[in-house]
Amino acid sequence: MLSQVYRSGFQSVSFRQRLLPWVQSIALSRSRATDRVQPSAIRHVRSWSNIPFITVPLSRTHGKSFAHRSELKHAKRIVVKLGSAVVTRGDECGLALGRLASIVEQVSVLQNQGREMMLVTSGAVAFGKQRLRHEILLSQSVRQALHSGQNQLKEMAIPVLEARACAAAGQSGLMALYEAMFTQYSICAAQILVTNLDFHDEQKRRNLNGTLHELLRMNIVPIVNTNDAVVPPAEPNSDLQGVNVISVKDNDSLAARLAVEMKTDLLIVLSDVEGLFDSPPGSDDAKLIDIFYPGDQQSVTFGTKSRVGMGGMEAKVKAALWALQGGTSVVIANGTHPKVSGHVITDIVEGKKVGTFFSEVKPAGPTVEQQGEMARAGGRMLATLEPEQRAEIIHHLADLLTDQRDEILLANKKDLEEAEGRLAAPLLKRLSLSTSKLNSLAIGLRQIAASSQDSVGRVLRRTRIAKNLELEQVTVPIGVLLVIFESRPDCLPQVAALAIASGNGLLLKGGKEATHSNRILHLLAQEALSIHGVKEAIQLVNTREEVEDLCRLDKMIDLIIPRGSSQLVRDIQKAAKGIPVMGHSEGICHMYVDSEASVDKATRLVRDSKCEYPAACNALETLLIHRDLLRTPLFDQIIDMLRVEQVKIHAGPKFASYLTFSPSEVKSLRTEYGDLELCIEVVDSVQEAIDHIHKYGSSHTDVIITENEKTAEFFLQHVDSACVFWNASTRFSDGYRFGLGAEVGISTSRIHARGPVGLEGLLTTKWLLRGQDHVVSDFSEHGSLKYLHENLPVPQRNTN
């Protein structure tokens, strides 16, 4: 397509006019934009891709850079620097058009949010190189054809093209392309070419500054580039060491100079690497540096520069530090990776963990990556302790919960006071600790200690493969667990005890509403761990990492266990990349009242399941009534009890059809209310109840109330849920009540653990093979040995 444009030249129709229809097809295929809001339309609402954007007031006094990633969402003025490797194709001739369209799309989104965006772009040389190559090939082919009468195109040598000439030939085409792309989002762009002199000559610098401010005032995106057609050859970077001056010799230094000159809040430098590494990218031990601080240059080894462009990573770091010193925050990230380039800019502005963030403020404690490494090392040490030592740690933690009761309750009181008026009543109840809760926790922890005696290293299977060759399958810890929990400080000591018993390292991320409670409970857990020198095995994440960022640490975390709302669990399941998630997104628990149910039992069980703790995930949400029970004393007694308990009733479609004046009809039969609300529906049989549960349930906990044993057994065998009960409250679905001591959560998945997950669910296995110089070739057809595969007795488990 571009070759056709070049061949036709710039006669009669402008380059932009010829390119616009093609760019429109790219831009429209990459977005959902159909309705455009012109700048003259409503000032406070703009539109992009059919999504309305409210212009958020983004005001900030420039002076100091942002200290944390989470603050980047407040950035008002942003410079995006596109490196040569980002803009150009792999063959270095021509532009990566799909990637450019994606970048323009993201810049447009941010501009339409009310931010002031500026681009510093490479690409003119590559664009011009492509054009000049076509012109040379075309002219050579004509001369060759006239001279020899045949096309010898493949044998033609293309001379080395001078960069300044390429820049001169490509600058107009590059700008036309940007204009065409930005037009699709009702955004105007303007080109500014600069040289070093424009910054060092005071009058020119003021003119440049005034021009840029006026463009930003008119909601225009300035596209800035060094004037490569006249720029002198690159010089050493010695002046980058200076405090008050930086020369414009490549687009890295230009972006830094522009950012400081314009008092921008954020500079995003896009290259072809993920950011800074502690060793050359691609090496075995290379680790991405999440946050880079001034003075950390000694810890970084710079590799070679990118395949194109004038600046390498060292030049980028020096320019970034210069901008940081001038009050501009900086992020260096990958703009070429196909999986992230479509949202890398918006992700950075949203505060997500992308690339390397430059900050002048060092955190007081370790980073979450360092905490992950400490949890891994501490967990491995924990797994090597004797079972009695792990049990001793748990017993000590149980004692601390009662001995330090006053301090714990005082911290919890602070959390409750701060949460008053901000949290709903069910969440406040979860947040609250009491003396009875702490006593129950201590009892549960002692149960865990008793059951942990032979948990790690237990032999599950022994096989004699051949003479003197024996195989064992033994239990081992999973590794490092990440447990994310909301409004439940009592969850911390439970999960800590289970991690200790199973020999797992543990990262804990609690809700900010329980900050004070979690802090003291974590300190007590570490105090207990310290008696055997494994204090670092349990870490509480106090940094500002978002949950989504934690879910990306696939090299540090082996299992994520969310404890909280269904929305939290769904978000984590969506965000986790390469890390298994154990849990359930919803607790839609059913209770079926059969035609042969006892009146007294049914009323008691429904009250306990719904009213005892309606915010719990194992609370009743849908009550299924056999049709024959309508207008009977049993049905009337249940309704009267629900009315007394102030339970709001939602009628299912069939139930509503039986009533002249019915309660509000349910909006969805697949609803977890988490409050004193209940859906009632009518079914004709136990099979219809089972079908309803399978269609609308969440495979959590489901109950039948009946005096008919045959009907009950049919229900128990056919309902496919993690917990299925007969004549028992849904609230029994709990690790403590099951005798597990505690639980890390309830899993509705079908792999590994299911239902309340206690100690056993935090273990996996490994195989141990003990031989004496055995080789596989000895077991071949003509070998000297034969497989025996004899089952050997397994040591009996200690159940005391």
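**A sheet and its surroundings**

Guide: Let us begin with an open sheet of 6 strands, whose order is β19-β20-β18-β17-β21-β22 and whose pairing is parallel. Please keep in mind that this is a predicted model. At the edges of the sheet you will find β19 (648-651) and β22 (723-726), and each of these pairs on one side only. From one strand to the next, the twist averages 20 degrees. As a general point, strands of a sheet pair through backbone hydrogen bonds, either parallel or antiparallel.

Now zoom in on one pair of strands. Strand β18 (residues 620-626) runs beside strand β20 (residues 677-683), and the two pair in the parallel sense over 5 bridges.

Helix α21 (residues 599-611) lies across β17 (589-593), β18, β20 and β21 (701-705), and runs at about 160 degrees to β18. Helix α24 (residues 686-696) also lies across β17, β18, β20 and β21, running at about 170 degrees to β17.

Take helix α13 (residues 387-403) and helix α16 (residues 435-451): their axes come within 9 Å and cross at roughly 170 degrees. An angle over 145 degrees counts as roughly antiparallel, and α13 and α16 are therefore roughly antiparallel to each other. On the α13 side, the contact is made by Ala 391, Ile 394, His 395, Leu 397, Ala 398, Asp 399, Leu 401 and Thr 402. On the α16 side, Leu 438, Asn 439, Leu 441, Ala 442, Leu 445, Arg 446, Ile 448 and Ala 449 take part. Sorted by class, this contact of α13 with α16 has 11 nonpolar, 3 polar and 2 charged residues.

Leu 441 is found in helix α16, and with 6% relative accessibility it counts as buried. Setting aside its neighbours within four places in sequence, Leu 441 is in contact with Leu 401, Asp 490, Pro 493 and Gln 494. Along the chain, Leu 441 and Gly 741 are 300 residues apart, yet their C-alpha atoms are separated by 8.8 Å.

A second pair of helices is α14 (residues 405-419) and α18 (residues 515-529), with axes that come within 7 Å and cross at roughly 155 degrees. These helices, α14 and α18, are therefore roughly antiparallel to each other. Here Glu 407, Ile 408, Ala 411, Asn 412, Lys 414, Asp 415 and Glu 418 of α14 meet Thr 515, His 516, Ser 517, Ile 520, Leu 521 and Leu 524 of α18. The residues of this contact of α14 with α18 divide into 5 nonpolar, 4 polar and 4 charged.

Next, some aromatic rings. The count of aromatic pairs comes to 6 when ring centres must lie within 6.5 Å. Phe 292 sits in strand β8 (residues 291-292) and Phe 358 in strand β10 (residues 356-358), so the pair ties together parts that are 66 residues apart in sequence. Both Phe 292 and Phe 358 are buried.

A charged residue can be buried as well, as you will see at Asp 347. Asp 347 has its place in helix α11 (residues 344-349), and its relative accessible area is 7%. Not counting residues up to four places away in sequence, Asp 347 touches Lys 352 and Val 354.

Our last stop is in the loops. Most residues other than glycine have a negative phi. His 752, in the loop between β23 (745-747) and β24 (755-757), has a positive phi, near 70 degrees. This His 752 is partly exposed, with a relative accessible area of 48%. Asp 773 likewise has a positive phi, near 65 degrees, and is found in the loop between β25 (763-770) and β26 (790-792). With a relative accessible area of 73%, Asp 773 is exposed.

Methods
Residues are numbered from 1 along each chain as its sequence is written. This is a predicted model: local features need pLDDT of at least 70, side-chain atom pairs count only at pLDDT 80 or more; totals for chains, interfaces and linings use all residues. Side-chain values use heavy atoms; hydrogens and water are left out. Axes are lines fitted to C-alpha atoms, for helices over the stretch in contact, and angles run from 0 to 180 degrees between N-to-C directions. Helices (H or I, at least four residues) and strands (E, at least two) are DSSP runs, numbered from the N terminus. Angles under 35 degrees count as roughly parallel, over 145 as roughly antiparallel, 65 to 115 as roughly perpendicular and the rest as oblique. Contact means heavy atoms within 4.5 Å. Two strands pair if DSSP finds at least two bridges between them. Buried means under 20% relative accessible area, exposed over 50%, partly exposed in between (1.4 Å probe, protein chains only). Rings of Phe, Tyr and Trp (its six-membered ring) pair if their centres lie within 6.5 Å; planes under 30 degrees apart count as stacked, over 60 as edge-to-face and the rest as tilted.
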